[in-house]
Amino acid sequence: VKKPFKTITKYGPDEVEFGRMYALCSGPDDELIVANINNNKLIVFNKDLQYSHTIGERGRGEGQFRGPVGVACDKNGQVYVVDQLNNRVQVLTLSGDYVSAFGSKGNKDGEFDGPIGLALSSTGVLYVCDSDNRRIQVFDTQRDHQFQYSFGHGNKLYCDVALNATEDKLFAVNFVRVIVFTPQGHFLYSIAQHIDYISLLPISICCTPDGHLLVGHDTSAGFLSVYHEDGTLVTAADCNL
């Protein structure tokens, strides 16, 4: 793994420390959107990684967060945020205007208990890791975020999920292994047996356009590993700078 192109540790005119970050995504114009748990904000940078603005504050109201831990952005600039302790997903514009929200605490269809990661397909299908309910829930963002189905039920506490570039496989991490499903929720295979660094607690995942998996491990370990889609290790790096 090469040295980082750029390292960002502070944001804004007051040079605020990031603290704990849990998720990030890109916007339609290559903006960088960072979910910051400590400050209960989304932090937005432009395509040159220059600070632009923040979204949100601590609270239970519209556009407020209690633990933003997952974020995704569609091609129109709508931002989907997993608001963990409020047990909901909020939808905002990239400028920070509130659009809508869905979900509440519970274990019925469309309800959440400690949601974490999420992934958004090119056709507007939203996959949400409903962590403490041990499932992944699926919603249609083109139909007022209607619940579609859920899968992965059992002992697995899913913490992040990602679609590959061709959107024919869904990769989920559950602190122990990477589990691969079809987008419809059918189990394909587990690649835990290939992962040399599994003891470092995989907690986040993303897929690259060229078919690689980037797996982030426990934040205290500060470790990143790269795999082919079949789980073969490509490289790994200690990201404690």
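Reader: What makes a polar contact between the side chains of Ser 225 and Tyr 227?

Author: The two side chains come to 3.0 Å, and a polar contact is a pair of N or O atoms within 3.5 Å, where within protein one must be able to donate a hydrogen and the other to accept it, and residues adjacent in sequence count only if both atoms are side-chain atoms. This is a predicted model, where local features need pLDDT of at least 70, side-chain atom pairs count only at pLDDT 80 or more, and totals for chains, interfaces and linings use all residues. Residues are numbered from 1 along each chain as its sequence is written, and side-chain values use heavy atoms, with hydrogens and water left out.

Reader: Why is Ser 225 called buried?

Author: Its relative accessible area is 0%; buried means under 20%, exposed over 50%, and partly exposed in between (1.4 Å probe, protein chains only). So Ser 225 counts as buried.

Reader: How do you know that Arg 88 and Asp 83 form a salt bridge?

Author: Their N to O distance is 2.7 Å, and the rule asks for a side-chain nitrogen of Lys or Arg within 4 Å of a carboxyl oxygen of Asp or Glu. The pair qualifies. Arg 88 is buried at 12%, and Asp 83 is buried too, at 0%.

Reader: And what about Asp 113 and Lys 105, buried, partly exposed or exposed?

Author: Asp 113, at 21%, is partly exposed, while Lys 105, at 58%, is exposed. They form a salt bridge as well, with the closest N and O atoms 2.8 Å apart.
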